[in-house]
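Subject: A structure for you to explore

Hi there,

Here is the structure I promised to hand over. Have a look around it first, and then read on for my notes.

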Amino acid sequence: MINEKIEYVDFDKVDIRLGTIIHAEEYDKLKKPSILLKIDFGKEIGVKKSSAQLRKNYIAKNLINKQIIAVTNFQPKQIGNVTSEVLVLGLPDHQNEPILLSPSIKLENGVKLY
């Protein structure tokens, strides 16, 4: 539901962190072509994998060292033969394709959104 009200405690359960993409490769073996990502979330969380449908706006090699924001505490999700451990966050462009959320300055990996 649009604008359904939740309690702050509900939002606080979602662990949204900053990470740096350390590996990205184009992957064509899923229904929708994707980019497989390995993201470093720092010492506490470590490196996690994700599959994201980003190929309309991004080239895999250009994502290396990009800092992005992701939900890090969802249960892993099986997408075809790939296990996605985190959900990278983005906003839709004018063609409803994702644009990754990213800070305007470099920050420490693992920092939590508040």
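Let me begin with a question: is Arg17 buried, partly exposed or exposed? Arg17 is buried, because its relative accessible area is 12%. Buried means under 20% relative accessible area, exposed means over 50%, and partly exposed lies in between, with a 1.4 Å probe and protein chains only.

Before the rest, a word on where this comes from. This is a predicted model, in which local features need pLDDT of at least 70 and side-chain atom pairs count only at pLDDT 80 or more, while totals for chains, interfaces and linings use all residues. Residues are numbered from 1 along each chain as its sequence is written, and side-chain values use heavy atoms, with hydrogens and water left out.

**Salt bridges**

The structure holds six salt bridges. A salt bridge here is a side-chain nitrogen of Lys or Arg within 4 Å of a carboxyl oxygen of Asp or Glu. In one of them, Arg17 meets Glu44, at 3.7 Å from N to O. This pair links distant parts of the chain: Arg17 is in strand E1 and Glu44 is in the loop between E2 and E3, 27 residues apart. Helices (H or I, at least four residues) and strands (E, at least two) are DSSP runs, numbered from the N terminus. Asp15, Arg17, Glu44 and Lys112 are linked in a network of salt bridges.

Arg55 and Glu26 form another salt bridge, with their closest N and O atoms 3.7 Å apart. Here too the pair links distant parts of the chain, with Arg55 in the loop between E3 and E4 and Glu26 in strand E1, 29 residues apart. Arg55 is partly exposed at 28% relative accessible area, and Glu26 is partly exposed at 43%. There is also a salt bridge between Asp10 and Lys13, where the closest N and O atoms are 3.9 Å apart. Asp10 counts as partly exposed, at 32%, and Lys13 as exposed, at 56%.

**The core**

In soluble globular proteins, nonpolar side chains tend to be buried together. The largest nonpolar core in this model has 16 residues, and those with the most contacts inside it are Ile35, Leu37, Ile39, Leu54, Leu63 and Val88. By nonpolar core I mean a set of buried Ala, Val, Leu, Ile, Met, Phe, Trp, Tyr and Cys residues joined through side-chain atoms within 4.5 Å. Strands E1 (16-27), E2 (34-40) and E4 (67-71) each give two or more residues to this core. The largest share, three residues, comes from E2.

Contact means heavy atoms within 4.5 Å. Leu100 lies in strand E9 (residues 98-100), and Leu100 is buried because its relative accessible area is 7%. Beyond its neighbours within four places in sequence, the contacts of Leu100 include Leu54, Tyr58, Ile68 and Val88.

How many of the five residues of E4 are buried? Five of the five are. Gln67, Ile69 and Val71 on one side and Ile68 and Ala70 on the other are all buried, which leaves both faces of E4 covered. In a regular strand the side chains alternate between the two faces of the sheet.

E1 and E4 run antiparallel and are joined by five bridges; Ile16 stands opposite Val71. E4 also pairs with strand E7 (residues 87-88), in the antiparallel sense and over two bridges. There, Leu87 is the bridge partner of Val71. Two strands pair if DSSP finds at least two bridges between them.

**Two residues to look up**

Asn3 is not a glycine, yet has a positive phi of about 65 degrees. Asn3 sits in the segment before helix H1 (8-12) and is exposed, at 65% relative accessibility. Asn65 is not a glycine either and has a positive phi of about 75 degrees. Asn65 is in the loop between strand E3 (47-52) and E4, and is exposed at 57%.

Enjoy exploring, and write back with any questions!

Best wishes
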